[in-house]
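Below are some notes on the aromatic contacts in this model. Please read them alongside the coordinates.

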Amino acid sequence: MTNDQTRQYIYIALLCAQGIIIGLVERAIPFPFAVAPGAKLGLANLITIISLFTLPINDCFLLMVMRTVLSALLGGTLSTFMYSIAGATLSFFGMVLLKQFSRRFMSMIGISAAGGLLFNVGQLCVASFIAQSWQVLLYLPVLAFLGILAGIAVGVAANFLFEHVKTLTFLKAQHEI
């Protein structure tokens, strides 16, 4: 194993640990919107956005899966894992496609907002499958609105980090080469 591979694995492990900690802290914060039970800010998705712009796609996918599995093991249930993995997977692939094909037209904030929306779509698809009813999808407009707002907030935070953390700026520039 080369030094570059070792650095890459350490970077992935650090991002995974940060995502898990952010997710666990977020679960402890009560969400103020009683209108939308089950909605959350999705702050751990900040790690997914950072990884999308600093890692190869396969490493980014591995990070997303590891973060989701470990978060479920540390503080979730089987149902929360099913909702999370479906939402995270749909969100991940949607953000990857947007990043690859609309690089000129979409900013990091727009990609993150789309990810927030797609995360909720994935969750509601699982809920619809479990409930054996399409009517669960009627909750989508509420969750979509909140998911887009949360995605914008996460995108703004990621943008801020990329502008002010020199290591992330360097990794992003190195990744784009």
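1. A charge sits over a ring if NZ of Lys or CZ of Arg is within 6 Å of the ring centre and within 35 degrees of the ring normal. The charged end of Lys-99 meets this for the ring of Phe-53, at 5.2 Å from the centre.

2. This is a predicted model, in which local features need pLDDT of at least 70, side-chain atom pairs count only at pLDDT 80 or more, and totals for chains, interfaces and linings use all residues. Residues are numbered from 1 along each chain as its sequence is written, and side-chain values use heavy atoms, with hydrogens and water left out.

3. Searching the whole structure gives four aromatic pairs. Rings of Phe, Tyr and Trp (its six-membered ring) pair if their centres lie within 6.5 Å; planes under 30 degrees apart are stacked, over 60 edge-to-face, and the rest tilted.

4. One of the pairs is Phe-53 with Phe-162: the centres are 6.2 Å apart and the planes at 70 degrees, so it is edge-to-face. Phe-53 belongs to helix α2 (residues 45–54) and Phe-162 to helix α6 (residues 140–164), so the pair ties together parts 109 residues apart in sequence. Helices are DSSP runs (H or I, at least four residues), numbered from the N terminus. Both Phe-53 and Phe-162 are buried (under 20% relative accessible area, with exposed over 50% and partly exposed in between; 1.4 Å probe, protein chains only).

5. Phe-61 and Phe-93 have ring centres 5.6 Å apart and planes at 35 degrees, so this pair is tilted. Phe-61 is in helix α3 (residues 57–75) and Phe-93 in helix α4 (residues 78–101), 32 residues apart. Phe-61 is partly exposed at 30% relative accessibility, and Phe-93 is partly exposed at 42%. Ring pairs join Phe-61, Phe-92 and Phe-93 in a cluster.

Technical notes: Helices (H or I, at least four residues) and strands (E, at least two) are DSSP runs, numbered from the N terminus.
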